[in-house]
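My entries follow in the order in which I made them.

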Amino acid sequence: MSQPAVVELAGISTVFGRQHIHRNLNLRVEAGQIVGLLGGSGSGKTTLLREMLGLLRPTAGSVRLFGIDLNDGDALTQRAVRRRLGMLFQHGALFSALSVFDNIAFPLRELRCLDEDWICRLVHLKLAMVELEPAHGKLMPAELSGGMVKRVALARALALEPELLLLDEPTAGLDPDRSQNFVDLVGSLQQALGLTVVMVTHDLNTLAGLASHVAVLADGHIIACGPKAEVMTVDHPFVTGFFGADRRKLL
Amino acid sequence: MNDNPRLQVASGRVVLTGQWTLAAMLPDLAILEDQLAGAGRSVGVWDLSGISRLDSAAAVLLWRTWGNAWPATLEISTLHRQVLTRVAELPQQIPGPPVRPFHPLEVVGLLTLKALANLRGMIALFGQLLLDLGYLFRYPGDIPWKEITANLYKSGAQALPVTALVGFLIGITISYLSALQLKNFGADLFIVNILGISIIRELGPVLVAVLVAGRSGSAMTAQIGVMRVTEEIDALSTMGISRTVRIVLPKILGLTAAMPLIVLWTSAVALLGGMVAAMLQLDLSLIYFVENLPRAVPVANLLIGLGKGVVFGFVIALIACHFGLHVKPNTESLSANTTSAVVTAITAVILVDAVFAIFTRHIGVPSL
């Protein structure tokens, strides 16, 4: 039995006003892949990510997660799909009125069938997973440093043990050392939990350290998609310009 | 995929198969928990080699079933053993969220301290305002005219329709109710005195103050608060621009200047409403009303009303700016401070009104 692709975008077109963001875009992400989504500023990467999450409806085309169409009407199916994915927003999007502990516990509490002891243990597991101390649970999001915000946001995204993890600029705003730590962290979690990861990034080191596959978004569609080494050799002005002289280093 | 979590107890062994993940367990979580609890007490041999996935939620469930200890015999793949090990390594005593005992005295004390801190902050802001005014007096080129006029427009001109509507309706109501009483005593003509004094001296300013506190005061707090959350105020400071001169001062000056004008406008519209109601109810002609108004209401009342408007506007803007500047960067604090600003402003306005009433008790009351 062949499993359906984790993410399947078919014939996506997005139009904002008169501006065409995506034209007939196709993308397939199989289970277990770590796909880095590349593209210039304003090429519609984040828009594409939001469409995968169902936050934004494409003008035309279909988005299927785990083989289920996101624009299907049934609210229960929709919620079941959402519970199978975790999203790390660029700026964390932590609930500022809740403490770190409550932020991570939030999606677990929303299931309404786990008791407090269970939730408490799970939250501490997640905190340990992203290498934070139990004492950090009492802090409020405003008291955290940028790197810690990302870690807590990652812990919250992982709270329901999703099969698909979406990352928007996971290392933006972190220093090289921290961003390397974060890349290692996501990489080891991916191996331990068997996640499928789709990430949008500008950072070549993040891409080199984490991605197994690369999809390049330019001119409104995916111009290249495949294993990292393959995409590097594509002869397109954007690809050569983006990787430039560093092409060799990334291989 | 027919890979649901399953549990079988056979000849002293518990055999688990399928996907042991939170998502897969959810549909019949209660049944699984019961089965596990039943098996956990009696059996010491667990066979987990047949499960395809094990996530930490399921691992916690199993660990709790085993009473926080490894079972006597456990068959499991290395990968899944790691997941269980991670749960086992959690400290036994997990510090829960701290619960603060409730002491009424402590709460009262905290509230008092908070009120005093707010009072101190407002006095400090007032002092800063005076210093800024002194600075602007010496360097008139730095006066933020644009911001002041923008605030005048926003909190003054744009408030005209709503204050007019409310004023008109209140005028009609008071006039109608008084007319019913006055008719009984044959004292119809005194409607001019009642409406004139009550609206011009008291109701107009207070009514406008309450409306403006809800409308402009909350807007000021929210605006300054969001500017703090998004670090816009810090950005201003780094450009060497004083936040009080550019943000607080224009709001306070703008509202202080706009309030007496809105008071005048609202009182006028409320009187118009009262006149119309008196005309319909008591057959009192508009001309009689207008001619007798100056006689019944000494001009001092108008000045008191306008003076109240100035002070109320200043108080509302000062309180709104104070709470706005003390918003902490989270959504809860923003909403709490906006609420505090409006509630404090309305309370302060009524307090100040009482002070006004005491100090002006001999002024402007016509003696018959």
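I began with strand pairing in chain B, where Val9(B) stands opposite Val14(B) in β2(B). β1(B) and β2(B) (residues 13-20) pair in the antiparallel sense over 5 bridges. I took helices (H or I, at least four residues) and strands (E, at least two) as DSSP runs, numbered from the N terminus. Two strands count as paired if DSSP finds at least two bridges between them.

I noted the terms of the model before going on. It is a predicted model, in which local features need pLDDT of at least 70 and side-chain atom pairs count only at pLDDT 80 or more, while totals for chains, interfaces and linings use all residues. Residues are numbered from 1 along each chain as its sequence is written, and chains are lettered from A and ligands numbered from 1 in the order in which they are written.

I checked the confidence. Chain B has a mean pLDDT (the predictor's confidence in each residue, from 0 to 100) of 87, and 96% of its residues reach 70 or more. The model scores ipTM 0.71 and pTM 0.70.

I followed the chain B sheet across. It is open, with 4 strands in the order β1-β2-β3-β4 and mixed pairing. Its edge strands, β1(B) (6-10) and β4(B) (73-75), each pair on one side only.

I then looked up a sheet in chain A. This open sheet has 6 strands in the order β6-β7-β8-β3-β9-β10, also with mixed pairing. β6(A) (85-88) and β10(A) (221-227) stand at the edges with a single partner strand each, so one side of each is left without a neighbour in the sheet. β9(A) (residues 213-218) pairs with β10(A) in the antiparallel sense over 6 bridges, and Ala215(A) stands opposite Cys225(A).

I turned to helix α10(B), residues 243-282. Its 40 residues reach 56 Å from first C-alpha to last, close to the expected 58 Å (1.5 Å times one less than the number of residues). The helix bends by about 35 degrees at Leu249(B), the bend being the angle between axes fitted to the seven residues ending there and the seven starting there. Pro250(B) follows within four residues. After the helix comes Asp283(B), with a positive phi near 55 degrees.
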